[in-house]
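Q: Could you walk me through this structure, starting with one residue and what surrounds it?

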Amino acid sequence: MAQGSLYIVSAPSGAGKTSLVRALMERMGGLAFSVSHTTRPMRPGEQDGRDYHFVTVDTFEAMIGAGEFLEHARVFDNYYGTSLAAVQAQLARGEDVFLDIDWQGARQVREQLPEAYGVFILPPSRAALESRLQGRGQDGPEVIARRMRDAVSEAAHYDEYDYLIINDDFDTALNELGAIVTSARLRRPRQAARHAGMLAELLGD
């Protein structure tokens with residue numbers, strides 16, 4: 001079976017990253033999200049193993065000590081991390097796996113899996129970014145200003161990635177993300193593994 005590909009997808013808040021990935025998963029088969037581990041409490045409507053793998057702090061820290069994470073971080077009082085074994089199992093099944101992480105997590109992933117494809121998604125302008133953050137209508141000016149600072153700081157790392165998508169028109173950006181996945185699926189090593197039987201029959205004596 002052909003090995004799947006790993007995609008690191010990063011973006012500042014408000015760039016539309018999650019919506020694009022979810023839309024692509026509805027459009028194309030063989031795509032999967034990596035389900036992260038976390039120590040934060042489960043929220044209403046969430047399900048263990050679907051939204052996150054919910055574990056205790058002791059369990060998470062033991063996993064860190066055992067080198068079980070592809071990447072991990074502490075955000076405020078909670079840990080978040082991506083299991084290396086889980087991602088490798090998904091890839092071995094031929095699934096293309098998306099990691100929704102920031103640039104710091106992306107650096108950790110590339111240290112262990114340098115063959116991963118990095119995709120960065122940006123809004124078309126600073127004004128568009130601010131408008132999208134304000135459009136949620138749930139936060140005051142101070143919170144929006146802080147999120148803008150965080151978003152601009154995150155966006156500054158776009159040059160560490162292989163691909164850059166500008167999400168001005170959603171359908172165009174979705175097609176571009178799909179093109180990246182399709183291109184990787186058509187690379188010779190993966191196609192040769194997928195069609196090994198056909199190639200043997202075609203090229204045999």
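Q: Which residues does Val119 touch?
A: In this predicted model, Val119 touches Tyr7, Ile8, Val9, Ser10, Tyr161, Tyr163, Ile165, Leu177 and Ile180, not counting residues up to four places away in sequence, where contact means heavy atoms within 4.5 Å.

Q: What should I know about the numbering and cut-offs?
A: Residues are numbered from 1 along each chain as its sequence is written, and side-chain values use heavy atoms, with hydrogens and water left out. Because the model is predicted, local features need pLDDT of at least 70 and side-chain atom pairs count only at pLDDT 80 or more, while totals for chains, interfaces and linings use all residues.

Q: OK, switching to the sheet: what is the strand order?
A: The open sheet has five strands in the order 2-7-1-8-9, with parallel pairing; strands are DSSP E runs of at least two residues, helices H or I runs of at least four, both numbered from the N terminus, and two strands pair if DSSP finds at least two bridges between them.

Q: Which strands stand at the edges?
A: Strand 2 (31-33) and strand 9 (163-166) do, each with a single partner strand, so one side of each has no neighbour in the sheet.

Q: And how many bridges join strand 1 to strand 8?
A: Four bridges join these two parallel strands, and Ile8 has Gly118 in strand 8 as its bridge partner.

Q: Which helix packs on the sheet?
A: Helix 7 does, touching strand 1, strand 2, strand 7 (96-100), strand 8 and strand 9.

Key
Axes fitted to C-alpha atoms, helices over the stretch in contact; angles between N-to-C directions.
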